[in-house]
Amino acid sequence: MDNNKIYLASNLKYLRTLNGKTQEEVATICNKKNTTISNWEKGIREPDAIDLSIISSFFNVPIDDLMLRDLRIQNSNEQKQTMKFGDVEVTLSKNGEITDEDMLEIQQFLLQEKIKNKENNNNH
């Protein structure tokens, strides 16, 4: 089997599950039957150029990446940045965003530090 077929099939399934989509949902978008999507994901059949374009747009992934890269490996190897605020460690995503949960931990830490500094200033 051609490597492009291997990547395409595994990438279709990976992107669909990563985005929480069912085969039925992808089938609806491409105006195909569920069995067609299943066959694409198994590498039995391949989408035509129009379907590739639809899938590429839907998952916001270039067609070349769909066919020529193993997106599962690419995403697992992404660099993440870790920042430390006192006892709080925050891991930034690849685009540098901080989650709401991380922001709450940072705010709590900063509030505790502010209280400590205020207490220290009152004791002197």
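1. In which helix is the place of serine 10? Serine 10 lies in helix 1, the element that covers residues 3–18. The model discussed in this note is a predicted one.

2. Is serine 10 buried or exposed? Its relative accessibility is 15%, and because buried means under 20%, serine 10 counts as buried.

3. The protein chain as a whole has 7 helices and 2 strands. Read from the N terminus, the order of elements is α-α-α-α-α-α-β-β-α.

4. The protein chain has 124 residues, and buried residues make up 27% of them. Its accessible surface comes to about 9,000 Å². Carbon and sulfur atoms account for 47% of that surface.

5. A further point concerns contacts along the chain. Taking contacts between residues at least 6 apart in sequence, 46% join residues that are at least 24 apart.

6. How many cavities of 30 Å³ or more does the structure hold? There is 1. The volume of the largest cavity is about 50 Å³.

7. Which residues line the largest cavity? The lining consists of Leu12, Val26, Ile37, Trp40, Glu41, Ile55 and Phe59. By class, 6 of these residues are nonpolar, 1 is charged and none is polar. Glu41 is the charged one, because Glu counts as charged.

8. The lining can also be sorted by element. Helix 3 (34–42) and helix 4 (49–59) each contribute at least two lining residues. The largest share, 3 residues, is supplied by helix 3.

9. Two asparagines deserve a look for their backbone angles. Asparagine 31 is not a glycine, yet its phi is positive, at about 60°. This residue sits in the loop that runs between helix 2 (23–30) and helix 3. With a relative accessible area of 71%, asparagine 31 is exposed, because exposed means over 50%.

10. The other is asparagine 60, where phi is again positive, at about 55°, although the residue is not a glycine. Where is asparagine 60 found? Its place is the loop between helix 4 and helix 5 (63–68). Asparagine 60 has a relative accessible area of 69% and is therefore exposed.

Definitions and conventions. Residues numbered from 1 in each chain as written. Predicted model: local features only at pLDDT ≥ 70, side-chain atom pairs only at ≥ 80, totals over all residues. Heavy atoms only, no water. Helix = DSSP H or I, 4+ residues; strand = E, 2+ residues; numbered from the N terminus. Buried < 20%, exposed > 50% of the residue type's maximum accessible area, 1.4 Å probe, protein only. 1 Å grid on protein atoms, 1.4 Å probe; cavity = no way out; pocket = protein on both sides within 12 Å on 5 of 7 lines; lining within 4 Å. Points joined across faces, edges and corners; volume = space filled by probe spheres on them. Contact = heavy atoms within 4.5 Å. Areas by Shrake-Rupley, 256 points an atom, 1.4 Å probe, with all protein chains shown as cover.
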